[in-house]
Amino acid sequence: MADKQIGVAAIGCGSMARMILRRLLPKSDAIKLLAIADPDERSIKATRNEFGADIKAHTDYKELLADPAIDWVLISSWNCQHKEHAVASFEAGKHVFCQKPLATNLDDCLAMRAAWQSSKRQFVIGYTLRFSPHYRKIKELLTAGAIGRIVSMEFNETVGFNHGGYIMGDWRRLRKNAGTHLLEKCSHDIDLACWMVESLPQRVASFGGVNFFVPENEERIKAIGRDPRPDSRYSGREAYLAWQGLVAENPFTSDKDIFDNQVTIIEFNNAARATFHTNINAAIPERRMYLLGTEGALRADVLNGHIETQRIGFDSQLEIISSGTDNSHGGGDDVLATEMADAMLYGRTPAVGINEGLISATTCFGIDEAADTRNVVEMQPYWEKIGKR
Ligand SMILES: NC(=O)c1ccc[n+]([C@@H]2O[C@H](COP(=O)([O-])OP(=O)(O)OC[C@H]3O[C@@H](n4cnc5c(N)ncnc54)[C@H](O)[C@@H]3O)[C@@H](O)[C@H]2O)c1
């Protein structure tokens with residue numbers, strides 16, 4: 001056990017920041033939330049209500065960076081602010097946890113890596129699914145040779161309609177705040193695919209658009225109506241408006257510039273090929289992977305915690321494993337908090353850092369270039385820019 005107190009500060013203390021703090025702080029009495037910075041009084045109030053009225057609150061994050069009692073800074077601000085907050089934190093000598101994605105453009109990502117390298121401090125990125133027992137089990141099966149070498153794969157993230165309405169009404173509906181939908185939401189999935197395939201994407205193609213969350217479909221709110229279920233957490237709320245973020249525009253008429261559906265093809269350097277599909281108006285939400293290998297296949301969905309494998313062969317049986325998780329983060333939030341506490345208390349190297357953040361964000365930048373230009377994009381120039389090849 002560490003003998004000294006670990007002072008923690010949060011820059012951005014909205015819903016994700018509080019979700020992490022809720023799991024992290026109980027891990028050790030030595031980990032103390034000392035200060036928060038957020039321009040929104042509602043987030044400050046909610047955080048102090050939950051974690052203590054004595055927590056120092058700042059509207060300017062630079063004030064908390066000046067405090068030598070702060071060892072770790074947890075960044076959960078808007079994606080476009082990650083670079084400014086992370087670079088300043090490293091320059092102030094702090095260890096950093098930053099929510100995914102790393103940043104909204106390649107220059108910002110590289111500035112974060114440079115600041116991290118000069119700081120010699122720890123960095124953890126919030127790729128929650130990397131901490132999930134579900135995905136760790138899949139990785140373990142692949143490493144043990146359950147399906148041989150991956151030849152091709154499908155994966156998806158189809159998001160339930162209320163969650164979709166939230167995305168299209170929230171700050172993340174605009175690329176200038178969050179980057180694209182693929183970067184903001186599905187960079188998790190892109191990270192997982194690169195991890196599973198163990199190779200960098202070589203070329204990508206993608207098509208996407210806004211085809212559902214348009215003003216003509218606003219009547220869908222009324223057509224579906226209010227949720228009548230007495231025990232539902234959405235009870236009495238209207239369809240598509242049931243999730244409430246800090247910014248809550250009408251998702252159909254808002255000024256969004258992100259896609260609500262997108263399909264992507266990826267060819268990896270090791271010749272594995274993948275398709276990825278996202279849509280944010282799903283009646284049947286999925287976060288599914290279907291991997292075809294030289295010796296078998298694996299199919300899994302984190303939303304029900306099922307992993308199925310079968311070997312190639314006349315006598316083989318379908319094996320069904322339950323990963324014991326059944327939510328969109330697959331139990332990753334709590335493991336992330338445990339491993340964050342280990343990094344804070346014992347200096348252990350966390351499972352995911354700058355490298356994973358950079359590879360996933362860079363892949364998303366390439367895919368979005370492909371979607372925006374309707375070209376096949378060769379990823380080599382991107383990898384050269386980040387020094388990966
Ligand atoms: N790891 C995951 O699975 C996961 C899930 C959801 C969101 N996220 C990430 O977490 C981050 C926050 O998302 P959220 O869902 O909590 O959003 P949120 O809107 O609930 O919270 C964002 C907070 O940032 C604050 N903020 C805005 N400008 C700021 C500034 N200049 N300085 C400090 N704070 C500022 C807002 O006032 C708000 O309180 C995003 O980067 C998002 O991508 C990660």
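Select glycine 208, which stands opposite glutamine 262 in strand 9. The model is predicted: local features require pLDDT of at least 70, side-chain atom pairs count only at pLDDT 80 or more, and totals for chains, interfaces and linings use all residues. Residues are numbered from 1 along each chain as its sequence is written, and side-chain values use heavy atoms, with hydrogens and water left out.

**The antiparallel strands**

Next, display strand 8 (residues 201-209) and strand 9 (residues 261-268), which pair in the antiparallel sense over 8 bridges. Strands here are DSSP runs (E, at least two residues), helices are runs of H or I of at least four residues, and both are numbered from the N terminus. Two strands count as paired if DSSP finds at least two bridges between them.

Proceed to strand 10 (residues 273-282), which pairs with strand 9 in the antiparallel sense over 7 bridges. Select isoleucine 266 to find its bridge partner, alanine 274, in strand 10. Strand 9 and strand 10 form a hairpin with 4 residues between them. In the turn, alanine 271 has a positive phi of about 80°.

Now show the 9 strands of the open sheet, in the order 14-13-12-11-7-10-9-8-15, with mixed pairing. The edge strands, each pairing on one side only, are strand 14 (319-322) and strand 15 (377-378).

Select strand 7 (residues 150-160), which pairs with strand 10 in the parallel sense over 8 bridges. Here glutamate 157 has threonine 278 of strand 10 as its bridge partner.

**Helices on the sheet**

Axes are lines fitted to C-alpha atoms, for helices over the stretch in contact, and angles run from 0 to 180 degrees between N-to-C directions.

Helix 10 also packs on the sheet, touching strand 7, strand 8, strand 9, strand 10 and strand 11 (288-293). Its direction makes about 160° with that of strand 7.

**The second largest pocket**

Finally, select Lys139, Leu142, Thr143, Gly148, Arg149, Ile150, Met196, Val197, Glu198 and Asn270, which line the second largest pocket. On a 1 Å grid over the protein atoms alone, a pocket is an open set of points where a 1.4 Å probe fits, with protein on both sides within 12 Å along at least five of seven lines; lining residues have an atom within 4 Å of a point. Helix 6 gives the largest share of this lining, 3 residues.

Terms used
Contact means heavy atoms within 4.5 Å.
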